[in-house]
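Thank you for making time this morning; I would like to walk through one model with you, going from the overall chain down to individual strand pairs. Please keep the structure open while I talk.

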Amino acid sequence: MRYFDARVIENRSLGGGYFVLRLGGCEPLAGSRPGQFIMLRGDWGRDPLLPRPLSLLSVAHEGRADLLAKVVGKGTALMERSPPGSRVSVLGPLGNSFPAPSADVTDLLVAGGVGLPPLFMQAESAAHLGLANGSEMLYGGRTSRDLVLLGEIRGFGIALRLATEDGSLGRRGRVTDELEARLDRGRAAASAQPLRIMACGPRQMLWAVGRIAQSHGIDCYLSLEEQMACGIGVCLGCAVAAQTRPYRYVCKDGPVFPASEVMAHVSVASTSQSRGGAQ
Ligand SMILES: Cc1cc2nc3c(=O)[nH]c(=O)nc-3n(C[C@H](O)[C@H](O)[C@H](O)COP(=O)(O)OP(=O)(O)OC[C@H]3O[C@@H](n4cnc5c(N)ncnc54)[C@H](O)[C@@H]3O)c2cc1C
Ligand code: FES
């Protein structure tokens, strides 16, 4: 993990508030794994003061790193307007990662909205390892505008199933409906290959995925998002209730956790959703 300066080399709008920032000068991120993230701050003065956590979407050897973000507040709005050439400060790579793809398991990668990046990187990693046929992505959003980078995902050669709440693309409904349908089909086919679930997205979606996995007895890993001030375990602002300790810190113990570790206090966690923006 290092602090370093990087530059925006491309800023591609995908519509609906989504954009891909391509950074150059990110050699310290080489070897980063799916699930890891960076703290990023633009050259934007004092407001907002704190850097913003963003997952890595893709990291290439020549110091290039791609990030996918959605505008939700001041920090992401400023990032969306960063022209090529802008300087950004980066701290990373931070956090842990999803388990590596394996020939012995079929991975169901469940992405909700802007929770896509770590699962996109996991799919890319499976493709690089020649294990694309052992991964399937289930990707959901409110409307078709929330489903981005579909051509790139298909390019990895993994199976892709889509769901939108308004039915504008893929199955009408939530991505968790698609997950249950997939598990029912798997049960009917009595496939010998064990399944593993990895998910990132809105908190309520993650708890639903965790519950479905538990009810089917499937190993499940959830990548959590919390507001973060430091990203390195100092401010204690990203605590979540856990099974084996009173708290775990999303930045240094996660962001990826076995579902069983963070699902024990779901009712407590899900009542603490309404928060103000970070400063
Ligand atoms: C490990 C990690 C990885 C992330 N990866 C990505 C990513 O790849 N792409 C992406 O677009 N976003 C990602 N996020 C979320 C992103 O950090 C926030 O959207 C961003 O910090 C918001 O900053 P802002 O100044 O635009 O909005 P703010 O003004 O800070 O907040 C605007 C609204 O968004 C809510 N919010 C802010 N941060 C979070 C958060 N972390 N979780 C839930 N709600 C939040 C606030 O409560 C507020 O209602 C990630 C967060 C974490 C912790
Ligand atoms: S963000 Fe500061 S401890 Fe996690």
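What you see is a predicted model, in which local features need pLDDT of at least 70 and side-chain atom pairs count only at pLDDT 80 or more, while totals for chains, interfaces and linings use all residues. Residues are numbered from 1 along each chain as its sequence is written, and chains are lettered from A and ligands numbered from 1 in the order in which they are written.

The chain holds eight helices and 16 strands, where helices (H or I, at least four residues) and strands (E, at least two) are DSSP runs numbered from the N terminus. Along the principal axes, the C-alpha trace spans about 55 × 40 × 35 Å. Of the 279 residues, 40% count as buried, meaning that 20 or more other C-beta atoms, placed from the backbone, lie within 10 Å of the residue's own.

How is the chain divided into domains? The assignment, which is automatic or from a database, gives domain 1 as 2-94 and domain 2 as 106-270, and their centres, taken over C-alpha atoms, are separated by 22 Å. Across the boundary, 19 residues of domain 1 are in contact with 20 residues of domain 2, a contact being two C-beta atoms, placed from the backbone, within 7 Å. On the domain 1 side, β1, β3, β4, β6 and β7 each supply at least two residues, and β6 gives the largest share, with three residues.

Now to the sheets, where two strands pair if DSSP finds at least two bridges between them. One open sheet has seven strands in the order β4-β3-β7-β1-β2-β6-β5, with antiparallel pairing, and its edge strands, β4 and β5 (58-59), each pair on one side only. Within this sheet, β1 pairs with β7 over six bridges, F4 having V90 as its bridge partner in β7, and β1 also pairs with β2 (residues 18-24) over seven bridges, R12 being partnered by V20 in β2. The hairpin of β1 and β2 has two residues between the strands, and G16 takes a positive phi there, near 65 degrees.

Two bridges join β10 (residues 159-164) to β11 in parallel, and R172 in β11 is the bridge partner of T164.

Finally, which residues of α5 are buried? They are M205, L206, A208, V209, G210 and A213. Helix α5 (residues 203-216) has 14 residues and reaches 20 Å from its first C-alpha to its last, close to the expected 20 Å, that expectation being 1.5 Å times one less than the number of residues. After α5 comes G217, whose phi is positive, near 65 degrees.

Technical notes:
Buried ≥ 20, exposed ≤ 12 C-beta atoms within 10 Å, placed from the backbone.
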